Amino acid sequence: MIKKISVAVILALMAISLQAKPKPATSEQISRVEPPCWWTGMKTSLQIMVQGPQISTFDVEIKGKGLSVSKIHKADHPDFLFIDVDVAADAKAGEYEIVFTKGKESFAYPYQIGRKSDASRQSFSTSDMIYLIVPDRFANGDPSNDSTEDTEEKARREAPMGRHGGDIQGIIDHLDYISDLGATAIWMTPLLEDDARRGSYHGYACSDYYNIDPRFGDNELYRKMVTEAHSKGVKVIMDIVTNHCGTSHWWMEDMPFKDWVHINEPYYTTNHTFSLGVDPNASASDVKQMADGWFVPSMPDMNLDNPFVLKYFQQWAVWWIEYSGLDGFRVDTYFYNEKYPMSQWCKAVTDEYPWFNIVGENWNANPDMVAYWQSGKPNSDGFDSNLPSIMDFPLRDAVNNALAVPSEEDGDRPRRRQSDMMEVYDALSHDFVYHDLSKMLLFWSNHDTPRIGDIFGCSPDKMKLAFAMLATMRGIPQMFYGDEMMFAIGTTRRDDGRLRMDFPGGWEGDALNLFTREGREEARGDETFAHAADLHSYVRTLLNWRKGKEVIHSGRTMHFIPQDNTYAYFRYNDTDLVFVFINNSDKEAGLNWSRYAEITGGLGAGRDVITGQSVTLSDDTRVPAGNALVVEFTR
């Protein structure tokens, strides 16, 4: 006998059915979820930040086997929730539902879980040459995104501080040029969204940490670039900023916590005193100003002492590595960050990816101040930064001073002092203070320093001396785009908008195309780039030779006290030896080969790396003024 089902029962069943299948969340209900997806098998725990009107008043659960909510944290602002999620070891990849319920109201947000990738690849190391690019000034591969409706600043190529239109597609289009030059890694100044009204081209005032700036491309194009770079033997290093965001960042309108950034009343900037991170005698107020003060008024200072901020940046870093497959980080303004939380940040990244290299910007001319920040350094206060690599600013300054050509500067600036190779010798004699010489970034210039072409008086000889040392000294070498052809702007004043110049040939209609051999040959008749072809050939020869030279990657160094502004050093191991002689004087120099007998005993003929010819060195060998000699031997 079939029983009749009452209307009440039917309504109850319908209500249960509706509760079991909540409606998809609308953009009005959920405006933001970060990180936007995650993976199984991760060591980093997952904490999802959700933004939506009064979202903190909702209960939360996750539908799907393998994921569960372990804890919910309410923020100071009612429009934010922080959800701790357990991802079980046997959780399957796929789409899950985060369900939000308040009374009869219920809606679901789809959340994607993937499988963790194989993380056995290698990060950047001494075997690499890093090519630093300012993307907006490198090449315009897609003119359609030069200006976009959803970003404030529009393209103005004629303005030194404006956006010029370079983008990710432009980098993809010229990966062959980079690889052919002999570079094996690219570091690009930040590509994440920077929606500042002015000066946004450099990217250091981020307005969205999970999205590429649409004027550069999008997340998928970034991931494509990484894949394309890897196919050509080129690694990718992401330039990131944890110390500050931009005033245009979306969270500056409604911050999750009142102390999400440092709100200093009255407002104050950082004191820019780098020694405060290591000084045992420093006052607490000075240390606080260094860490809490804003870098500039347009860059709010993040508060990494807030555990939710720290967690946000830890998993954000991991997310980009896993999402895109990139190979390393360069961290801007590293020691402006809170010291101990930043150490935890580094540890979180390297715990997830032990192979991953991170280099921090630690701008200081004092070797002791720089050495303190490298992981493993036995500091007297017991502090370990967990930062694998540091930037060798002391050696950079020494090389710049040694090769500088004195000149009258604009206005009342004093003449640049002239040094000699003894300064380079002294800088390298401080190698004993560093914990790991293989984890030091070696560079003579970058996007924040004057062009070395200008410092060296636009001398091709000085440029060749600089590249001979960059290609053969210990550490991880990095060069600034265009230096291979002596880009210069005519002043040693720091002029950011101009020194971050457009690469000729990167824009349709450019008079010269220095990306091609034909263009470089054509430039011989151009006053500015007359030496481009010869310098490019010299650098290309050195860098491609360096790729497979293990003695340069991991060998020891022996150097001899400079004489008459000449400097001799050796890189050596059990099987190979490379001899480098730098004649930075204005006259021909004798080699005095017998002086190096303690390391040259038993050597026969060697090979001149630049010419490829067999050479036998002796006391009679002469090196022309302003020339470098690089010779390789088999021991």
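**Helix 12 and its surroundings**

The axes of helix 12 and helix 15 (residues 532-547) come within 10 Å and cross at roughly 10°. Here an axis is a line fitted to C-alpha atoms, for helices over the stretch in contact, and angles run from 0 to 180 degrees between N-to-C directions. Helices are DSSP runs (H or I, at least four residues), numbered from the N terminus, as are strands (E, at least two). Two packed helices are described by the angle between their axes and the distance between the axes. Helix 12 and helix 15 are therefore roughly parallel to each other; angles under 35 degrees count as roughly parallel, over 145 as roughly antiparallel, 65 to 115 as roughly perpendicular and the rest as oblique.

The model is predicted: local features need pLDDT of at least 70 and side-chain atom pairs count only at pLDDT 80 or more, while totals for chains, interfaces and linings use all residues. Residues are numbered from 1 along each chain as its sequence is written, and side-chain values use heavy atoms, with hydrogens and water left out.

Which residues of helix 12 and helix 15 meet? From helix 12 come Pro 460, Met 463, Lys 464, Phe 467, Ala 468, Ala 471 and Thr 472. Helix 15 contributes Leu 535, Tyr 538, Val 539, Leu 542, Leu 543, Trp 545 and Arg 546. Contact means heavy atoms within 4.5 Å. By class, this contact of helix 12 with helix 15 has 11 nonpolar, 1 polar and 2 charged residues. Ala, Val, Leu, Ile, Met, Phe, Trp, Tyr, Cys and Pro count as nonpolar, Asp, Glu, Lys and Arg as charged, and the others, Gly among them, as polar.

One further residue of helix 12 (residues 460-472) is Ala 466. Is Ala 466 buried or exposed? Ala 466 has a relative accessible area of 0% and is therefore buried; buried means under 20% relative accessible area, exposed over 50%, and partly exposed in between (1.4 Å probe, protein chains only). Leaving aside neighbours within four places in sequence, Ala 466 is in contact with Leu 403, Trp 444 and Phe 456. Trp 444 lies 22 residues from Ala 466 along the chain, and their C-alpha atoms are separated by 7.8 Å.

The axes of helix 4 (residues 219-231) and helix 6 (residues 307-324) come within 9 Å and cross at roughly 65°. Helix 4 brings Asn 219, Glu 220, Tyr 222, Arg 223 and Val 226 to this contact, and helix 6 brings Trp 319, Trp 320, Tyr 323 and Ser 324. By class, these are 5 nonpolar, 2 polar and 2 charged residues.
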